[in-house]
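Reader: I am new to this model and would like a close look at one part of it, the sheet. Please describe how it is built and what lies against it.

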Amino acid sequence: KVRDMGCFDNDISLARLYSAADVFVLLSINESLGYTVMEAMACGTPCVAFNQGGVPDLIDHQQNGYLATPFLPTDFAQGIAWVLENEARWNMLSCNARERIECFFTLEKVVEQHIALYHEIGL
C-alpha cells in the first residue's frame, strides 16, 4: 500500500514519517548525492534507488538498501519486493542503513573529512 502523506514542515514530523515507512524509494534519474536517501537511512529505513550519481556513495547494494539498474523499472520493482519480502533481511538492512549514516555522514564526520581535505591540500 502507498499513502501520500502530503507536506511536512518540521524535522520531527519528517523523522517520524521516515521511521514509520517500510521502504523509501527514490525514483530520481539524476541525483548528485540524495539527501532524502540519507535522511531515510538515518531513520533506519532501507532505500531503493537507481544505481547512478552519488546515490551509490550512500547505499551499499543489498547491504543497507537496493541499487536498481538505471532506468530499468522491473529491477526497481524487484528491489522494492526484495527489501520487503523477508523480515530478518529488512531488520539487517535497517540496522546497516542507520550505521552507514552514523559512520560516515554525521555533522561531526563530515566536518572531520573537510578539515582533513583542507590539510591535505595545504589550506
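The answer below goes from the whole chain to the sheet, and then to the pocket.

Author: The model is predicted, so local features are given where pLDDT is at least 70 and side-chain atom pairs at pLDDT 80 or more, while totals for chains, interfaces and linings use all residues. Residues are numbered from 1 along each chain as its sequence is written, and side-chain values use heavy atoms, without hydrogens or water.

The protein has 5 helices and 3 strands, where helices (H or I, at least four residues) and strands (E, at least two) are DSSP runs numbered from the N terminus. Read from that end, the elements follow the order α-β-α-β-β-α-α-α. The C-alpha trace spans about 50 × 30 × 30 Å along its principal axes.

Now the sheet. Its 3 strands form an open sheet in the order β1-β2-β3, with parallel pairing; two strands pair if DSSP finds at least two bridges between them. β1 and β3 (65-68) are the edge strands, each pairing on one side only. From one strand to the next, the twist averages 15°; axes are lines fitted to C-alpha atoms, for helices over the stretch in contact, and angles run from 0 to 180 degrees between N-to-C directions.

β1 and β2 (residues 47-50) run parallel and are joined by 3 bridges. Leu26 has Ala49 in β2 as its bridge partner.

Two helices pack on this sheet. Helix α2 (residues 35-42) touches β1 and β2, and its direction makes about 170° with that of β1; contact here means heavy atoms within 4.5 Å. Helix α3 (residues 73-84) touches β1, β2 and β3, with its direction at about 170° to that of β3.

α1 gives the largest share of the lining, 4 residues.
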